[in-house]
Amino acid sequence: MGFLRSSVVRMGTPIVLLLLLAASYQPLIASLAPYYNLIYAAPYFLLFTALLLSHLFKSARVGMMVVILLAGYTVILTRLQSPLNHGTTYMEYLLLTVALPINLLYMIIVRDQKLTSRFGLFFFLAIGMEIGWCALLVQQFGELSTYLHQHPVLVRVTSVSPMPLLLIVLLSILVCVSTIRLLRKNSIEDHAAFVSVLCGVTTLVFFNVPFISSLIFSLAGVLLIANQVSLSHQLAFIDGLTEIAGRRALEDELKHLGRQYTLAMLDVDHFKKFNDKYGHETGDDVLKLVAKHMAHCEGGASAFRYGGEEFTLLFKGKTTEHCLPFLDALREDIANYPLVLRDESRPHDDKQGRQKRGHASGKKPVNITVSIGYADASQADTPDEVLQLADKALYKAKEAGRNCIKGSV
């Protein structure tokens, strides 16, 4: 539920902001009338800030999306400020409506690579070649622009958009693709792709609206900056392997606790032997499995990876008496879960691996167990002391034979 809620929030925020922008468009334009030059410059400032942040956080795909938006906005400012029925403007507009979404679509499916890598160099060369190729098309077939505008080959509703209906349908499909990917994966890159596609398509579809490109590209810049700030928070507070909160997040949480809470320390039994016997990749699977169960622990528990094979659970507003049933249910769920070991004969080729996936490997699943120690706020003066008591209780559980729960008293 938490994953779905986060996905919906990431998807809904840009949509809500676009609707608010549409609702307040006229008063906003009137209030910004003395600052038109600032309106034109704002997307550059915001998008370059997002580009700098993406470079600092090594988020290359986001950086490439920002570059595509910057190139598109530059084309709009330098080539599409004349009426669409003037000269080659309409043809250039149609080329942009095709090129911008296609480039963003490619960024959705390509794997992340450094901007300074060979792929990054190829990317910048490709953008330059696309612009040159489009300029050549305009030069060679520019006379078609007036004909396309006055006698469109494809149907369009000019009262809504200067774009042909077929292109609107295709761009709507692209928005749906980015939306589905965001809801399924909910990664930082997929959120950036959704923002870029949604803002880019909205601008192109409603291109006749005055200042539409400057306002929406500015909004895209703000959302992409927020995207990178969210990434920085994720890097600082979320454990990369298990995808639950890490020790730094726990330390921050301990500073803001009320008078009543329970802390539990959890440790995977015989993890080192398991790791040595089955390999580090299987050991990582064990940690992910434990973290997944902890994340679904009932009682309003917050799960943290403390370090190595140790985890922490925080129950706010609850005593140990209230938490014991939830802790015991968690211990049993983990102990009863059959872990299917990695197939060491799995092909290195991804295609062969996908074909083999789902077929029985003939290996017997194994079970893992955890030991848990707990303590609550009534047993010490500070959260750090309560945590130490829970850690001592954990060692009691280990000494008692493991796969059990012990309190600090």
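Author: Let us begin with β4 and β5, which pair in the parallel sense over three bridges. Two strands pair if DSSP finds at least two bridges between them. Helices (H or I, at least four residues) and strands (E, at least two) are DSSP runs, numbered from the N terminus. The bridge partner of Tyr 374 in β5 is Gly 407.

Reader: Before we go on, what kind of model is this?

Author: This is a predicted model: local features need pLDDT of at least 70, side-chain atom pairs count only at pLDDT 80 or more, and totals for chains, interfaces and linings use all residues. Residues are numbered from 1 along each chain as its sequence is written, and side-chain values use heavy atoms, with hydrogens and water left out.

Reader: How many bridges join β1 to β4?

Author: Seven bridges join them, and the two strands run antiparallel. Leu 263 has Ala 375 as its bridge partner in β4. Strand β1 (residues 261-268) also pairs with strand β3 (residues 310-316), in the antiparallel sense over seven bridges. There, Thr 262 stands opposite Phe 315 in β3.

Reader: And which way do β2 and β3 run, parallel or antiparallel?

Author: Antiparallel, with six bridges joining β2 to β3. Gly 307 has Glu 310 as its bridge partner in β3. The hairpin of these two strands has two residues between them, and Gly 308 takes a positive phi near 60 degrees.

Reader: How many residues of β4 are buried?

Author: Seven of the seven are buried, so β4 is largely enclosed by the rest of the structure. Buried means under 20% relative accessible area, exposed over 50%, and partly exposed in between (1.4 Å probe, protein chains only). Val 370, Ile 372, Tyr 374 and Asp 376 are buried on one side, and Ser 371, Gly 373 and Ala 375 on the other. In a regular strand the side chains alternate between the two faces of the sheet. As for β2, five of its seven residues are buried.

Reader: Turning to another helix, what covers the buried residues of α6?

Author: The cover includes α4 and α5 (89-109). The buried residues of α6 include Phe 119, Gly 120, Phe 123 and Ile 127. As for α4 itself, 14 of its 20 residues are buried, so this helix is largely enclosed by the rest of the structure.

Reader: On to the aromatic rings: how many aromatic pairs are there?

Author: A search of the whole structure finds nine. In one of them, the rings of Phe 123 and Phe 124 have centres 5.3 Å apart and planes at 70 degrees, so the pair is edge-to-face. Rings of Phe, Tyr and Trp (its six-membered ring) pair if their centres lie within 6.5 Å; planes under 30 degrees apart count as stacked, over 60 as edge-to-face and the rest as tilted.

Reader: Is Phe 123 buried or exposed?

Author: Phe 123 counts as buried, at 6% relative accessibility, and Phe 124 counts as partly exposed, at 41%. Phe 274 and Tyr 278 form a tilted aromatic pair, 4.7 Å centre to centre with 50 degrees between the planes. Both lie in helix α12 (residues 271-278), four residues apart, about one turn of the helix. Phe 274 is buried at 12% relative accessible area, while Tyr 278 is partly exposed at 25%.

Reader: Which residues form an aromatic cluster?

Author: Tyr 36, Tyr 40 and Phe 211 form one aromatic cluster.

Notes:
Contact means heavy atoms within 4.5 Å.
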